[in-house]
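I opened this notebook to record what I looked up in the structure. The entries follow the order in which I consulted it.

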Amino acid sequence: MKKLITILLFFLTITSYGQTQLDMLTFNALNEYRIEHGVKPLVFDSLVWEVAEHHSVYLQDNGYPYNYPLSSGHFEMELEFPSDRLKYFGVKYRGTSGECIASWGGGDSDIDNVTEVIRMWDSSPSHKAGMLATDVTRVAISMVGVDWEKTYSWVVSGKVSTYTMSGTRYVATLLAVR
């Protein structure tokens with residue numbers, strides 16, 4: 001029954017605003033998580049997604065989490081708080097459960113990445129509370145991935161050796177409102 005509800009919600013919330021398959025898989029996983037914990041599923045909101053996407057891109061562009069200039073990934077320089085971003089994008093809301101932010105190195109598949117972000121949020125009491133908030137009705141999740149490559153060089157006995165590593169690093173923003 002849980003899977004049927006999730007599939008139904010997925011088809012009811014598909015839009016053409018730019019959400020990725022990974023965003024929607026994570027949204028579905030969030031609703032499954034909520035159902036497993038006895039909490040009603042949420043409706044995906046495309047306008048709230050624009051706010052979440054803006055924030056994920058902002059974090060990625062500004063070096064989150066390793067070189068981020070602010071004290072927390074929940075803040076921005078211009079649109080400092082989630083409420084500032086919601087107002088800027090014209091989202092009508094009566095309250096928010098806040099944002100859940102995560103960043104990780106990336107898994108081998110979309111399912112691995114969805115599992116990792118839900119696990120990370122679940123392991124933090126404040127993020128878990130945001131995922132299970134009962135006073136919200138709409139949600140959006142934005143997962144932004146950036147491919148990276150780094151080459152390391154070293155000299156041993158006069159011989160130069162190099163090694164190149166690459167992967168995808170993700171930033172995820174969950175934003176729930178009522």
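Entry 1: I began at Ser 157, which lies in the loop between β3 and β4. I took strands (E, at least two residues) and helices (H or I, at least four residues) as DSSP runs, numbered from the N terminus. Ser 157 has a positive phi of about 50°, although this residue is not a glycine. With a relative accessible area of 79%, Ser 157 is exposed. For these classes I used under 20% relative accessible area for buried, over 50% for exposed and the range in between for partly exposed, with a 1.4 Å probe and protein chains only.

**Entry 2: basis of the model.** I note that this is a predicted model, in which local features need pLDDT of at least 70 and side-chain atom pairs count only at pLDDT 80 or more, while totals for chains, interfaces and linings use all residues. Residues are numbered from 1 along each chain as its sequence is written, and side-chain values use heavy atoms, with hydrogens and water left out.

**Entry 3: the chain as a whole.** I counted six helices and four strands in the protein chain. Read from the N terminus, their order is α-α-β-α-α-β-α-α-β-β. The protein chain has 178 residues, of which 43% are buried. I then looked up contacts, meaning heavy atoms within 4.5 Å. Of those between residues at least 6 apart in sequence, 69% join residues at least 24 apart. The chain exposes about 9800 Å², with 56% supplied by carbon and sulfur atoms; accessible areas come from the Shrake-Rupley method with a 1.4 Å probe, and for residues only the protein chains shown count as cover.

**Entry 4: Ser 161 in β4.** I found Ser 161 in strand β4, residues 159–177. Ser 161 has a relative accessible area of 23% and is therefore partly exposed. Setting aside residues up to four places away in sequence, Ser 161 touches Tyr 152, Ser 153 and Trp 154.

**Entry 5: Ser 56 in α3.** Is Ser 56 buried or exposed? Ser 56 counts as buried because its relative accessibility is 0%. Ser 56 lies in helix α3, which covers residues 46–61. Beyond its neighbours within four places in sequence, Ser 56 is in contact with Ser 142, Val 144, Val 171, Ala 172 and Thr 173.

**Entry 6: α2 against α5.** I looked up the packing of helix α2 (residues 21–36) on helix α5 (residues 110–122): the angle is about 45° and the axes are 10 Å apart. Axes are lines fitted to C-alpha atoms, for helices over the stretch in contact, and angles run from 0 to 180 degrees between N-to-C directions. α2 and α5 are therefore oblique to each other; angles under 35 degrees count as roughly parallel, over 145 as roughly antiparallel, 65 to 115 as roughly perpendicular and the rest as oblique. The contact involves residues of both helices, including Leu 22, Leu 25 and Tyr 33 of α2 and Val 114, Ile 118 and Trp 121 of α5.

**Entry 7: two loop positions.** I located Val 136 in the loop between α6 (125–131) and β3 (138–156). Val 136 is buried, with a relative accessible area of 4%. Val 136 and Arg 178 are 42 residues apart in sequence and 4.3 Å apart in space, C-alpha to C-alpha. I also recorded a cis peptide bond from Tyr 64 to Pro 65, with omega near 0°. Pro 65 lies in the loop between α3 and α4 (82–88).
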